[in-house]
Amino acid sequence: MTLSGKAKLAGVIGWPVAHSRSPRLHGFWLEAYGIDGAYLPLAVKPEDFETVLRALPKMGFSGVNVTVPHKEAALACCDTVDDPARRIGAVNTIVVEPSGALHGSNTDAYGFIENLGAGVPDAPAVLLGAGGAARAVAVALLDAGAPALRLVNRTHARAEALASDLADARISVGDWGDWTTCLAGAGLLVNGTSLGMEGQPPLEIALDALPADAVVNDIVYTPLETPLLANARRRGNRAVDGLGMLLHQARPGFAAWFGVDPAVTDELRDHVLESL
Ligand code: ATR
């Protein structure tokens, strides 16, 4: 699409940024909705991050996404941040307000819940992992009303630290490898670790104790069908892949910058999948 002089500008700031799928994702929507706007990959070194962020309003940007390694710095630099971003400890979406102030939010929790589709089951949720990605999922599950949240991480102390940070009576910490106890009576199992990702070791977990009606979700989406999801499907559990979280987390930013709440469609999924 040809841009006019009034084109709206957004982008993704990362270092490096070449791996980001966001330009492809937002570019698809800009084209699909015939929007006079552009979404750019912005490779910015950590030492330049704050200068670049502060220059965005002066350059007429509507806002940006922020990715590795800038998400924590973005939390510190924004003028205001929303509650999920504060609790997750990271900002992934910034909107430039009419005053020029920067409003930071974290849309990963939103993307996670939208991707689950049917809401959070009314039974304990089990979350594997305690890194940045797992933290966003934990906040999402608590905010969506999970009746109990079992955190299970290889490094027990990290799960304890996350539990203590989030300070919610519904959280308990389980032991990595004690799958029978962890999975008994669960309504949802989420892999929030990097295990199972291409180039990483597989996630070795015995699902025998997981109820047949539990939902299984992997936030890993390369490959799309992880061994965990394949295993879950074989035993009759509903399996939800991780790509939808990436697609849905992008929606609030696009809506704020370009004025259209975009749809996550099969065509969009295929378009992004082609680049994985
Ligand atoms: P991110 O911010 O992307 O979540 P991270 O902070 O490096 O990345 O977290 C990676 C997660 O995968 C952690 O929960 C990590 O467990 P530890 O806290 O014990 O490191 C988990 N993980 C990575 N490799 C693992 C492995 N080989 N076995 C078990 N868990 C692993």
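Colleague: What should I know before I start?
Modeller: This is a predicted model, where local features need pLDDT of at least 70, side-chain atom pairs count only at pLDDT 80 or more, and totals for chains, interfaces and linings use all residues. Residues are numbered from 1 along each chain as its sequence is written, and side-chain values use heavy atoms, with hydrogens and water left out.

Colleague: How many residues surround the ligand?
Modeller: 13 residues do, and the closest are Gly132, Asn153, Arg154, Thr155 and Arg158.

Colleague: How many of the shell are nonpolar, polar or charged?
Modeller: The shell has 4 nonpolar, 7 polar and 2 charged residues. Here Asp, Glu, Lys and Arg are charged; Ala, Val, Leu, Ile, Met, Phe, Trp, Tyr, Cys and Pro are nonpolar; the others, Gly among them, are polar.

Colleague: Which atom of Asn153 lies 2.7 Å from a ligand oxygen?
Modeller: A polar side-chain atom of Asn153. Gly132 uses a backbone N or O atom instead, 3.0 Å from an oxygen atom of the ligand. A polar backbone atom of Ala133 is 3.1 Å from a ligand oxygen.

Colleague: How much of the ligand does the protein bury?
Modeller: Taken alone the ligand exposes 640 Å², and the protein buries 68% of that. Those areas come from the Shrake-Rupley method with a 1.4 Å probe.

Colleague: New topic. Which peptide bond to Pro16 is cis?
Modeller: The one from Trp15, with omega near 0°. Pro16 is in the loop between strand 1 (8–14) and helix 1 (22–32). Helices (H or I, at least four residues) and strands (E, at least two) are DSSP runs, numbered from the N terminus. The bond from Thr222 to Pro223 is also cis, with omega near 5°. Pro223 lies in the loop between strand 11 (215–218) and helix 9 (227–234).

Colleague: What is phi at Ala167?
Modeller: Near 40°, a positive value in a residue other than glycine. Ala167 sits in the loop between helix 7 (156–166) and strand 9 (171–175).

Colleague: Is Ala167 buried or exposed?
Modeller: Ala167 is exposed, because its relative accessible area is 62%. Buried means under 20%, exposed over 50%, and partly exposed in between (1.4 Å probe, protein chains only).

Colleague: And where is Gly145?
Modeller: Gly145 is in the loop between helix 6 (132–143) and strand 8 (149–153). At 46% relative accessibility, Gly145 is partly exposed.

Notes: Near = heavy atom within 4 Å. Polar contact = N/O pair within 3.5 Å; in protein donor to acceptor, adjacent residues only side chain to side chain.
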